Amino acid sequence: LIPNDEPGRITLISRFGSDGVAQGLPPLARAVKKSGRTVVWSCDPMHGNTLKTDSGFKTRPVDRILSEVRQFVDVLSSEGCYPGGVHFEMTGQDVTECIGGAQAISEEDLSSRYHTHCDPRLNGEQALELAFMIAEKLQSVGASGTAELKAG
């Protein structure tokens, strides 16, 4: 795919779910690092953390989304790789599609402002919560001296 190992040409997107990161990501990171390939590591914490409630709503618990991103940064940093991106689905609207977060949206709250026609999205406040957590994690990685690691 990239005979000259051009940085940025291959992006590996992890989507293990918060319960699968610790088991699945370390061996993958080690294998890629051992191969010598330079990749961009990205995390999709949305799709592996989707569940259906008893009331029939598809939702995502914010605590699981935050947990997956934290683990992604921690695992890659400990394996000598650089966490390079994150994907999340959000809207600026005040929706109640993902449960939890600082607003403590409950399963009972989902019906009040559930507007998605496809996948549940973080609302603006939940997205900011995630953004601040990512910034704090990346600052701590940088402070520990591992921010200058090779992307692979």
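## Glutamate 89

A residue is called buried when its relative accessible area is under 20%. In this predicted model, glutamate 89 has 17% relative accessibility, so glutamate 89 counts as buried. The residue sits in the loop that links β5 (83–86) to α3 (124–143).

The side chains of glutamate 89 and histidine 47 form a polar contact of 3.2 Å. Another polar contact, of 3.3 Å, links the glutamate 89 side chain to that of histidine 87. Leaving aside residues up to four places away in sequence, glutamate 89 touches Met46, His47, Arg60, Asp119, Pro120, Arg121 and Leu122.

## Nonpolar core

The largest nonpolar core holds 24 residues. Leu25, Trp41, Phe72, Leu76, Leu122 and Leu130 have the most contacts inside it. At least two core residues come from each of α1 (21–35), β2 (40–43), α2 (62–78) and α3. The largest share, 8 residues, belongs to α2.

Leucine 130 touches Ile65, Leu66, Val69, Phe88 and Leu122, again not counting residues up to four places away in sequence. Leu122 is also on the list of residues that glutamate 89 touches.

An open sheet is built from 3 strands in the order β1-β2-β5, with parallel pairing. β1 (11–14) and β5 are the edge strands, and each pairs on one side only. On average, neighbouring strands are turned by 30 degrees against each other, direction ignored.

The parallel pairing of β2 and β5 spans 3 bridges. Cysteine 43 has valine 86, in β5, as its bridge partner. Helix α1 lies across β1 and β2 and runs at about 165 degrees to β2.

Definitions and conventions:
Residues are numbered from 1 along each chain as its sequence is written. This is a predicted model: local features need pLDDT of at least 70, side-chain atom pairs count only at pLDDT 80 or more; totals for chains, interfaces and linings use all residues. Side-chain values use heavy atoms; hydrogens and water are left out. Helices (H or I, at least four residues) and strands (E, at least two) are DSSP runs, numbered from the N terminus. Buried means under 20% relative accessible area, exposed over 50%, partly exposed in between (1.4 Å probe, protein chains only). A polar contact is a pair of N or O atoms within 3.5 Å; within protein, one must be able to donate a hydrogen and the other to accept it, and residues adjacent in sequence count only if both atoms are side-chain atoms. Contact means heavy atoms within 4.5 Å. A nonpolar core is a set of buried Ala, Val, Leu, Ile, Met, Phe, Trp, Tyr and Cys residues joined through side-chain atoms within 4.5 Å. Two strands pair if DSSP finds at least two bridges between them. Axes are lines fitted to C-alpha atoms, for helices over the stretch in contact, and angles run from 0 to 180 degrees between N-to-C directions.
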